[in-house]
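Open the model in your viewer and keep the selection tool at hand. The tour moves from strands to a helix and then to a loop.

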Amino acid sequence: MSASCSRFRRGSRGRPGHKDGRLAVAVLAIVAMGCVCHEPKVLVDAPVIVGPPSSSGGDGGCVDLDGDGVGAGPGCPVGDCDDGDGNVAFRALRNCYTGPAGLLGVGQCRSGAQVCLAGIWSPCVGEGLPRAESCDRADNDCDGLIDEDGVRHGFPGSKQPLEIASLPIDVIFVVDNSNSMKAVNAAVERNINDNFAAIIDASGIDYRVILISEHGLSGEGGICVGAPLSGNGQCDPPGACPVSSSRFFHYNRRVGSHNAFSRILETYSTADACGLAPNGWSSWLRPDAARLFVLITDDGPLPGDPYGANSMTAQSFEEGLSRLAPNHFWTAGVRSYVFHTIAGLKENTPASAPWRPRDPIVTELCSENGFVAQANGSEYQVLSRATGGLRFPICGYRSFDAVFREIALGIVRTQISCTLRVGDVPPGSSLDDTRLELWPSNGGPAMVLERVDGPASCTPTGFYVDRDVLRLCPEACSAWRRDPSAVVDVIFMCSR
Ligand SMILES: [Ca+2]
Ligand SMILES: [Ca+2]
Ligand SMILES: [Ca+2]
Ligand SMILES: [Ca+2]
């Protein structure tokens with residue numbers, strides 16, 4: 001028996017001998033080798049560590065409560081990680097896990113191992129802790145779902161403002177000045193400021209109103225648009241000529257019951273009487289702006305009228321317009337303008353609803369307010385249907401607030417663009433795999449936007465991928481526009 005072995009046995013309260021069968025076998029094996037001291041022991045199923053502690057204690061005693069040969073005091077070769085458990089001794093191994101309780105064994109959350117060295121457990125090695133979910137076909141956050149949460153793109157620092165741009169638009173109002181239009185034109189005067197310009201103003205869209213009509217008292221069939229849209233501070237009585245502003249341009253020319261189409265064409269590049277448009281109203285068009293007509297009349301072209309200006313059809317109007325301005329109203333041969341009609345056609349159901357492009361030509365006349373419409377404006381309707389425009393009954397002029405609002409909101413919907421450029425796309429994702437969270441500036445909950453296939457599939461909470469940018473659907477963009485300090489977070493979902 002070696003001296004070192006005998007020292008191993010000298011615990012002051014040593015308890016040689018164990019009930020554990022494995023220990024008994026181990027002890028017997030050691031005795032057979034000529035040494036009766038207690039070898040360090042390991043956990044059941046843990047790898048057996050070979051070799052005793054190299055150091056030996058002095059003569060100062062060794063507190064070894066569980067009799068496994070290691071313990072506290074200068075007489076012990078090394079410390080004991082658990083002096084109440086004889087199975088835990090020098091180089092004992094055990095499983096370990098430092099993550100949240102309950103996740104162990106779920107997904108990638110798994111235990112590691114640590115070893116008892118000199119009475120202290122080593123750091124836990126090889127454990128799996130919950131991590132942010134990434135696109136790797138594994139359950140990284142240990143919630144039992146694989147690749148479900150997407151990848152928060154640089155979260156939380158990724159919240160960024162939307163790039164909100166408004167595309168300019170030129171709106172060309174053409175208003176009939178015939179006697180039957182007096183009450184209507186008064187309603188136009190009232191609503192073009194409050195329910196048209198104000199709404200577009202509030203959206204921040206760069207717009208222009210070009211008015212082709214006779215300047216004058218509405219009681220005489222004319223139109224006088226006042227401030228703030230126009231630069232005109234005086235409409236009662238109106239001055240001799242309209243006054244332009246940065247947003248308003250009035251081509252003073254009488255529009256008759258039947259010649260609206262031809263008036264648009266003949267004033268296009270011809271000087272007006274007031275000297276405001278020496279080259280016609282086309283000089284007020286901006287090259288980069290969208291174009292929208294709003295024609296307001298209770299009548300229409302007279303087929304077969306010997307005076308050609310009174311019988312112009314939609315087709316001949318477009319032929320004339322394309323000769324005058326092939327690039328202003330068509331892009332690569334495709335119409336790039338919209339033509340709204342307010343004319344004598346019958347009311348929709350409900351009466352406040354416009355007729356949409358897919359609705360057929362409405363042949364019946366409207367009758368609301370006792371107004372007697374002269375014609376259904378079917379040629380104008382043809383153009384509205386072809387250009388994606390709306391059709392409203394003129395008899396509802398007392399509700400022009402709603403009509404003008406609808407037209408203005410339509411402009412807001414189409415001319416505001418909310419886009420987002422995304423930097424790095426995480427591995428396993430693409431722009432198509434994104435979801436957006438819009439975080440309002442008031443600290444409220446995020447609004448989640450879902451991707452749709454494209455503008456035609458747009459929803460109030462949708463966005464779509466447009467080449468390398470994410471573009472909000474118009475309604476989502478408008479909603480967000482009201483909170484310009486809000487930020488947006490891009491969340492990548494995993495490609496399937
Ligand atoms: Ca011990
Ligand atoms: Ca122990
Ligand atoms: Ca998961
Ligand atoms: Ca994953």
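Start by selecting strand 6, residues 169–175, together with strand 9: the two run parallel and are joined by seven bridges. Bear in mind that this is a predicted model.

Now pick out valine 175. Its bridge partner in strand 9 is isoleucine 296.

Stay on isoleucine 296 and look across to strand 12. There, isoleucine 342 stands opposite isoleucine 296. Select the whole of strand 12, residues 337–343, next. Strand 12 runs parallel to strand 9, with six bridges between them.

Show strand 9 on its own, residues 290–296. How many of its seven residues are buried? Six are, so strand 9 is mostly covered. While side chains are displayed, recall a general point: in a regular strand they alternate between the two faces of the sheet.

Next stop: helix 8, residues 474–481. Color its buried residues, which are Pro474, Ala476, Cys477, Trp480 and Arg481. Then turn the view to look down the helix axis. The buried residues fall within an arc of 165°, so they line one face of helix 8.

Last, go to glutamine 108. Find it in the loop between strand 1 (93–96) and strand 2 (112–117). Is glutamine 108 buried, partly exposed or exposed? Glutamine 108 has 16 other C-beta atoms within 10 Å, so it is partly exposed.

Select its contacts too. Beyond neighbours within four places in sequence, glutamine 108 touches Gly128, Ala138, Asp139, Asn140 and Cys142. Finish with a distance from glutamine 108 to arginine 131. The two are 23 residues apart in sequence, and their C-alpha atoms are 8.8 Å apart in space.

Notes:
Residues are numbered from 1 along each chain as its sequence is written. Chains are lettered from A and ligands numbered from 1 in the order in which they are written. This is a predicted model: local features need pLDDT of at least 70, side-chain atom pairs count only at pLDDT 80 or more; totals for chains, interfaces and linings use all residues. Helices (H or I, at least four residues) and strands (E, at least two) are DSSP runs, numbered from the N terminus. A residue is buried if 20 or more other C-beta atoms lie within 10 Å of its own, exposed if 12 or fewer, and partly exposed in between; C-beta atoms are placed from the backbone. Two residues are in contact if their C-beta atoms, placed from the backbone, lie within 7 Å. The arc is that of the directions from the helix axis to the C-beta atoms. Two strands pair if DSSP finds at least two bridges between them.
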